[in-house]
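Subject: Structure handover

Hi,

Here is the structure I promised to pass on. My notes follow below it.

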Amino acid sequence: MKVRMCCVGLRNLLQRMSFSAKYYSKHNPAQTVCPFSKIAPKKCHILGCSKSTCTHRTAPPGSILPCRFFSCKEGAKVPSKRKQNTSIVTSDLLHKNLLKSEQKNWNNISPAYKVMTKRIKEKLKELHNMYTLNSRSPRIRFGENVYFEENGCIFLAKADDDEGNAKILFSVEDLGFSDAFIQRIRISPDQRYMAISLKSENSEEATCIIMKLGNLPVVEKVIPSVFSFEWAANDVLYYTVQKNLKCQNVFMTTFPYQEHTKLVYTEQDARFFVDLYCTKDRRFLTINSNSKTTSEVWLVDCRHPFESPALVQARTTGLIYHIEHRKDLLYILTTYGEPAEYKLMKAPVASSGKENWQLVYAPERKTKLVDFEMFSDDCIMFLKNAGHLYLNVISFISHSVQSIKLPTWACEFELESHPEHTTSTCYFQLSSPVHPPKRFAYSFKENNLIEQAVQEVPIIRNCHTTRLLAKSKDETLVPITVFHNKNSKELHRRPLLVHVYGAYGIDLNMSFKEEKLMLIEEGWILAYCHVRGGGEQGLSWHRDGCQHNKLKGLHDLRACIMLLHQVGFSQPKHTALAAASAGGVLAGALCNTDPALIRAMVLQAPFVDILNTMMKTHLPLTIEEQEEWGNPLEDEKCMKYIKSYCPYQNIKPQCYPSVFITAYENDERVPLTGILQYVQKLRKAALDHASRTSKKGNWIPNIILDVQANGSHCDSSWEHSLNEVARHLAFLNRELEEVFHPQHHSKSCK
């Protein structure tokens, strides 16, 4: 299980909590994306089986994993209606004028990147075809039946039969949703019903469609604005409704003869987000109410789905926990006890309070629990220590723990669906930004790890991986993962692309992306800075980089880039910085404090106006965001602290790097107005500096904003993301090329 995420995609992040174990959100993972982490196969848009593990769908490329949570849907209540109307009209006019100005500027400058963009797109398509040709969508096995999705169609095959004989049950187009993709699938225990959620790239809300399976599947029910859903019984479905980016109500609906729907649970605290999960053995459906620091779980007995839910443990500030079940025992992944990191505990179902929790397993110090999967007699834990991945197998029979170090090149893993908890084999995939996924299997019977060679994919042999530790301002050692071409000479002269995020306890996304491999082949160096605020070293790593510790993440980023240059990986004039969403906070802050460290920066839907956003409590997610950023409205010290690093607030006349920002008109999480104002202010500051220090050969950076009419903060189509990535890379190639050919640089920031 994994913690709930706001965006759909291959990888996982935890957004509603600082839970960096992917344990609890397998039903809705989000993809962490820097602008160059977005291209993924279009082939599979699915996930989820009757439990959430199957949600490692191949998302439409362009999903932003580390997401900002604010909505730009404003509905403020102010005392004076006249003032409110005047303010809205003025703000709307300003927004339209700024948007029109930026669109005009982009139309004028974009032709300069046309040729380079075309070349990059062709190369990326070639790599995409090469590395996704043998990929396939997740298979969901129920007894003798296997369900899977490809190209918007749901197929049914027999487990022992050739999949070429699989039959199509239905397609997205059959349902009248030609512009949507399948986000999640849940199949009822008796396989009579299938619930799927459909989502378009321009909306954060999904539609749940319940299909009655048979020779001719028919639509049984359509439920709008659904976030999560699970089958409690053959004909009983529980689901949550999403409104203004919040989920606070749980409903139950039944099929088919005496169909009715009723409200089962309502969350009253605006900081909490509610979702659903079904335990691996399908004994309990869990109603999970989570803030970023606290959680509470209610159990629905699947044998008696109409009975009222039972509370496991009342919410306690700072206590996070998640539930699995095995043989009348609850297995609890929790932060309870010292240290306040994730550990596995157990308690009887009948007495589930924390006073009865007993320790089963606790990872070693500085070891992060990344994922957890329960089976009938064992559980598997994926752990990360010093950048290396480990597989720990805990036997409930022998009470032993076996630890297996996974290949050193592996940076990311993805568990495959295991709907039958009695299975004897656990399947998963390993990858890195430059290594395509490889399938592995752990056999409980044989007690060994097997690399699966189903189909050959090209092997990456010319890429070297280096792991460094940078000493931050307070002496804390910050991990860096570096990739470069083994054949590259004079690394100090090679272009360097640095990635950063550092928020919500979310790891940088380090899964395979074709564009990363292309950059390596062309001689680039890729560096991933695992700064505080992220989750790479556990919950304490996140705590050390949020609220009043946010500046530590900035200090970490500065130390990482300086170390990279010191050890010979590129130099400032060849260095670019990439970030997305909340990663824009640290990237934008570095741009203000240390602009000489980088030559260019690319941001995707960046959060750059923190102070003004956190002052607007009428935005639907402001309250819950206070656990990450603080509450500047009630705490003057907090307001001054946020103001000290907020990118928008600290722009000043100086020599800035060139900046390319992509934003979306339909973004519900990062208000477009804030980005428009940031770009205008940044461009003015760069021009003011240039005019004050005018001299022959004075360099003026490009400050470019590309506002996309389509796409959203979380999902984009393959074609849309391909164009976006190509534009980003064309911009960086052009900017860094000017270092060697300054006579070509005649551009200015209009």
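The salt-bridge count comes to 31. The rule is a side-chain nitrogen of Lys or Arg within 4 Å of a carboxyl oxygen of Asp or Glu. This is a predicted model: local features need pLDDT of at least 70, side-chain atom pairs count only at pLDDT 80 or more, and totals for chains, interfaces and linings use all residues. Residues are numbered from 1 along each chain as its sequence is written, and side-chain values use heavy atoms, with hydrogens and water left out.

Arg186 and Glu230 form a salt bridge, N to O 3.1 Å. Arg186 sits in strand S5 (residues 180-187) and Glu230 in strand S8, 44 residues apart, so the pair links distant parts of the chain. Strands (E, at least two residues) and helices (H or I, at least four) are DSSP runs, numbered from the N terminus. Arg186 and Glu230 are buried. Buried means under 20% relative accessible area, exposed over 50%, partly exposed in between (1.4 Å probe, protein chains only).

Lys292 pairs with Glu624 in a salt bridge, with the closest N and O atoms 3.4 Å apart. This pair spans 332 residues: Lys292 is in the loop between strands S13 (284-290) and S14 (295-301), Glu624 in helix H8 (residues 622-629). Lys292 has a relative accessible area of 3%, so it counts as buried. Glu624 is buried too, at 2%.

Asp507 meets Lys384 in a salt bridge at 3.3 Å, N to O. Asp507 lies in the loop between strand S30 (496-499) and helix H3 (514-521), and Lys384 in strand S21 (residues 378-385), 123 residues away. Both are buried. There is also a network: salt bridges with shared partners join Lys246, Lys292, Glu624 and Glu625.

Now a charge without a bridge. Glu341 is buried but has no salt bridge. Which side chain of opposite charge is nearest to Glu341? It is Arg543, 4.1 Å away. For charge, Lys and Arg count as positive, Asp and Glu as negative; His and the chain ends are not counted. Glu341 belongs to the loop between strands S17 (329-334) and S18 (343-348). Leaving out residues up to four places away in sequence, Glu341 touches Thr334, Thr335, Gly538, Leu539, Ser540 and Arg543. Contact means heavy atoms within 4.5 Å.

Glu220 is in strand S8 (residues 218-233). Its relative accessible area is 24%, so Glu220 is partly exposed. Beyond four places in sequence, the contacts of Glu220 include Tyr193, Ile210, Phe255 and Glu259. Tyr193 is 27 residues from Glu220 along the chain, and their C-alpha atoms are 8.7 Å apart.

Next, a helix pair. H5 (residues 550-566) and H6 pack at about 65°, axes 10 Å apart. Axes are lines fitted to C-alpha atoms, for helices over the stretch in contact, and angles run from 0 to 180 degrees between N-to-C directions. H5 and H6 are therefore roughly perpendicular, a label that covers 65 to 115 degrees. At this contact, Lys550, Gly553, Leu554, Leu557, Arg558 and Ile561 in H5 meet Leu586, Ala589, Leu590 and Thr593 in H6. H6 (residues 583-593) is mostly covered, with 10 of its 11 residues buried. Among them are Val585, Leu586, Leu590 and Cys591.

Overall, the protein has 11 helices and 35 strands. Of its 750 residues, 63% count as buried. Of the contacts with a separation of 6 or more, 62% come from residues 24 or more positions apart.

Best wishes

Note on methods:
Parallel < 35°, antiparallel > 145°, perpendicular 65-115°, else oblique.
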